[in-house]
Amino acid sequence: MSDSSIAEAGGGSEASRIGEVNQWLAHEFGQAGKELPHFEYTPRSVAYLHNLATLSKANAQSSKILASDFRIKASEYRSQAARIKEILENVGLAQEGLASNVVGSVQVLANIANLLNIRDTELSSFLIAMGDISLRKTSVEEKRTKVRKESKVLLDYTRKAIARLMYLKRILAQLEDDVAPCEVQMENWKTNLAVMTAKERQYLQQSANYKAMLNRVGYTPEINHGVLVEMAEHKKELEKKTKPINKTLESYLNLPADKALAALTIERKKREYADAEKRLDDVLHSALSPSE
């Protein structure tokens with residue numbers, strides 16, 4: 001099949017759909033006593049109205065079938081009612097000859113039968129219908145009991161949720177009251193943090209300076225407190241040993257650099273020493289003479 005034939009078939013199908021839609025709309029609006037309004041046909045609107053028309057025709061056909069069936073059943077029921085009426089009249093039980101209370105009872109019985117949705121007034125039909133109602137009642141009561149339990153559980157949950165909500169509201173109010181003090185404390189912490197940050201930078205700089213100083217003086221990690229204590233004790237011992245030598249050397253610090261002058265100075269010191277000893281003897285001798 002060529003493209004032109006396909007287009008012609010599609011166009012023919014579209015035209016037939018539009019014709020069916022127009023026919024259905026005219027029929028429906030005609031039954032309603034209104035004129036068919038003018039509107040633009042689009043593929044989407046035609047497809048929607050065609051489906052709607054198809055469904056409407058199917059429903060109308062089903063309604064006709066059901067109406068025909070109901071008319072047939074009504075005719076059968078009228079025939080059966082006429083036959084039953086004739087039988088009742090023949091046995092002397094015509095409605096006109098019955099007492100008013102009997103007619104009322106029969107009417108009540110008929111109404112009950114209609115309520116129970118039974119087609120006859122046999123005792124078995126009533127028993128079956130009542131049993132069905134009892135089962136439905138039991139089922140409804142069970143469902144009602146279950147719903148009550150669920151409602152009770154939901155009510156408990158609701159109460160707990162309300163109590164929890166009130167508790168959360170109180171907590172929220174307390175937190176809102178604590179916002180201002182906490183903000184003040186946060187500001188203090190920020191200030192302290194800034195100060196501590198500056199101190200940290202200062203200490204880091206001092207630490208770097210001390211490390212550089214220690215590196216300049218030859219400090220190594222092996223030099224610890226114990227080593228420094230040992231070195232101090234060793235220094236004290238050396239000072240004790242060198243103290244007499246220092247005193248001896250101090251006496252030579254005043255000597256001249258020339259050897260001859262130094263010898264003269266030594267001789268003078270010796271004479272001074274001898275004179276001092278002589279004076280000491282004289283003093284001792286003079287001190288001892290009066291006592292003798």
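**Pocket first.** I looked up who lines the second largest pocket, and helix 1 gives the largest share, five residues. The model is predicted, with local features needing pLDDT of at least 70 and side-chain atom pairs counted only at pLDDT 80 or more, while totals for chains, interfaces and linings use all residues. Residues are numbered from 1 along each chain as its sequence is written, and side-chain values use heavy atoms, with hydrogens and water left out.

A pocket here is an open set of points on a 1 Å grid over the protein atoms alone, where a 1.4 Å probe fits, with protein on both sides within 12 Å along at least five of seven lines; a lining residue has an atom within 4 Å of a point. I noted the volume as about 180 Å³, meaning the space filled by probe spheres set on the points, which are joined across faces, edges and corners. The lining reads Gln23, Trp24, His27, Glu28, Gln31, Ser56, Lys57, Ala60 and Lys64. Helix 1 (3-31) and helix 2 (43-90) each put in at least two residues. By class I get two nonpolar, four polar and three charged; Ala, Val, Leu, Ile, Met, Phe, Trp, Tyr, Cys and Pro are nonpolar, Asp, Glu, Lys and Arg charged, and the others, Gly among them, polar.

**Overall.** I counted six helices and zero strands, in the order α-α-α-α-α-α. Both are DSSP runs numbered from the N terminus (helices H or I, at least four residues; strands E, at least two). Of 292 residues, 6% are buried, i.e. under 20% relative accessible area with a 1.4 Å probe, protein chains only. For contacts (heavy atoms within 4.5 Å), I took pairs at least 6 apart in sequence, and 36% of them join residues at least 24 apart.

I checked lengths against 1.5 Å times one less than the number of residues. Helix 2 has 48 residues, so it should span 70 Å, and its end C-alpha atoms are 70 Å apart, which agrees. Its buried residues are Ser45, Val46, Leu49, His50 and Ala53. Just after helix 2, Gly92 has a positive phi of about 80°. Asn117 follows helix 3 with a positive phi near 60°.

**Helix 4.** Which residues of helix 4 are buried? I found Ser125, Phe126 and Ala129, and they pack against helix 3 (100-116). Ser125 counts as buried because its relative accessibility is 16%. Leaving out residues up to four places away in sequence, Ser125 touches Ile118 and Asp120. Further along helix 4 (residues 123-216), I noted a kink of about 40° at Val179, shortly before the proline Pro181. That bend is the angle between axes fitted to the seven residues ending there and the seven starting there.

Conventions
Buried < 20%, exposed > 50% of the residue type's maximum accessible area, 1.4 Å probe, protein only.
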